[in-house]
Amino acid sequence: MSKPRILVARGVFPQVLQRLEQHFQVQANPRDEVWTPQQLAAQLADKDGALTTGSERIDRSLPAACPRLRIVANMAVGYNNFDVDAMTAAGVQCTNTPDVLTETTADFGFALLMATARRVTESEHFLRAGRWKQWSYDMFAGAEVHGTRLGIIGMGRIGQGIARRGAHGFGMEVVYHNRSRLDPALESECKARYVAKEELLRTADHVVLVLPYNATSHHTIAATELALMKPTATLVNIARGGIVDDAALAQALRERRIAAAGLDVFEGEPQVHPGLLDVPNVVLTPHIASATVGTRLAMANLAADNLIAFFDGRGPLTPVNTPAVRTIAPSI
Ligand code: GLV
């Protein structure tokens with residue numbers, strides 16, 4: 001029996017590609033080109049499975065255009081790039097990469113919070129520009145982190161990791177808002193107290209967003225919510241672009257209605273709202289929260305493991321949906 005055909009839609013670690021090649025006929029993307037949706041659909045037309053990143057959209061029309069496709073393994077924990085309902089209806093399995101990135105991403109959330117509150121990149125730009133002439137008492141005086149109130153919106157695994165860091169490492173009072181409350185044991189382990197979103201926004205010194213993106217979470221933070229925040233507060237988004245209204249945030253930062261923001265994700269990324277590029281009180285990073293070599297390798301291996309287990313008939317390791325079995329079109 002011939003091996004299933006797999007598309008690896010973006011560049012990936014050579015050792016992961018080699019593993020996949022032991023199991024599949026692999027079409028890779030060695031130059032790591034970013035394909036248009038049409039190019040992606042054309043590449044997938046004769047494939048049984050795919051390894052994607054969060055940048056490839058699997059939209060409503062794609063499953064019908066790719067009759068052999070049975071699984072798409074996303075190398076990301078988020079999967080808002082998938083139309084999961086359409087994939088489930090068409091019998092296409094979706095998988096993601098939870099757990100392996102939790103602590104690394106929580107580390108980065110904290111790094112971005114620290115850099116934002118303590119004005120790390122703003123002061124570095126000042127130094128590199130040769131503008132540092134003398135020490136002065138209020139030069140780049142930022143916001144306190146230890147002992148302040150940390151508000152976390154989205155209390156999944158990564159949110160909990162940030163809560164632990166804040167509570168146990170920095171003596172912060174942690175409040176959170178989530179679709180559902182954590183069970184009391186987990187709340188007490190994270191030293192986190194559930195509050196309404198409005199109370200969180202009004203009272204937190206630092207607000208960190210770690211919720212999944214979907215129609216309900218679109219613009220969770222827009223002008224109204226920014227207006228509730230303290231003028232001294234910082235806002236950190238390591239979740240997804242679209243959770244924050246970037247235009248409203250750029251205006252709030254320009255008018256100093258909040259003190260600062262740290263953003264790893266953007267609406268329409270890799271484009272960044274020009275208003276955010278113009279203001280000094282924002283730390284901007286290019287969607288790198290899970291980017292350590294070890295974690296990215298673990299994510300790529302988990303995506304590969306999902307493909308291997310699925311085609312071995314063992315079932316995916318980290319499924320997102322439970323589609324009915326797709327009838328496989330005859331070999332072409
Ligand atoms: C990264 O954004 C991920 O969802 O893994």
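Predicted model: local features only at pLDDT ≥ 70, side-chain atom pairs only at ≥ 80, totals over all residues.
Domain bounds here come from an automatic or database domain assignment.

View 1. Residues are numbered from 1 along each chain as its sequence is written, and side-chain values use heavy atoms, leaving out hydrogens and water. The protein splits into domain 1 (5-100 + 293-311) and domain 2 (102-284). Taken over C-alpha atoms, their centres sit 31 Å apart. Where they touch, domain 1 supplies 7 residues and domain 2 supplies 5 residues; contact here means heavy atoms within 4.5 Å.

**View 2. The largest nonpolar core.** A nonpolar core is a set of buried Ala, Val, Leu, Ile, Met, Phe, Trp, Tyr and Cys residues joined through side-chain atoms within 4.5 Å. Buried means under 20% relative accessible area, exposed means over 50%, and partly exposed is in between (1.4 Å probe, protein chains only). The largest such core has 46 residues, and Leu20, Leu150, Ile152, Met155, Ile162, Ile238 and Leu307 have the most contacts inside it. Among the elements giving two or more residues are β1 (5-8), α1 (14-23), β6 (149-153), α7 (157-170) and α13 (293-312). Helices (H or I, at least four residues) and strands (E, at least two) are DSSP runs, numbered from the N terminus.

**View 3. Zooming in on Leu307.** Skip the neighbours within four places in sequence, and Leu307 is in contact with Ile6, Leu20, Phe24, Ala50, Leu51, Ile71 and Ala73. Elsewhere there is a second, separate core of 29 residues, with Leu201, Ala233, Ala239 and Val244 included.

**View 4. Around the ligand.** Say hello to the residues around the ligand: Ala76, Val77, Gly78, Leu101, Arg240, His287 and Met299. To count as near, a residue needs one heavy atom within 4 Å of the molecule or strand in question. A polar backbone atom of Val77 is 2.8 Å from a ligand oxygen, and a backbone N or O atom of Gly78 also lies 2.8 Å from an oxygen atom of the ligand. From the side chain of Arg240, an N or O atom is 2.7 Å from a ligand oxygen. On its own the ligand exposes 200 Å², and the protein buries 85% of that. These accessible areas come from the Shrake-Rupley method with a 1.4 Å probe; for residues, only the protein chains shown count as cover.

View 5. You'll find Thr105 in helix α5. Thr105 is buried, with a relative accessible area of 6%. A polar atom of its side chain lies 2.7 Å from the backbone oxygen of Leu101. Not counting residues up to four places away in sequence, Thr105 touches Ile158, Ile238, Ala289 and Ser290.

View 6. Look for a cis peptide bond between Glu269 and Pro270, with omega about 10°. Pro270 belongs to the loop between β11 (260-263) and α12 (274-278). Asp99 isn't a glycine, yet it has a positive phi of about 70°. Phe140, not a glycine either, has a positive phi of about 55°; its place is in the loop between α6 (120-128) and β6.

Conventions: Polar contact = N/O pair within 3.5 Å; in protein donor to acceptor, adjacent residues only side chain to side chain.
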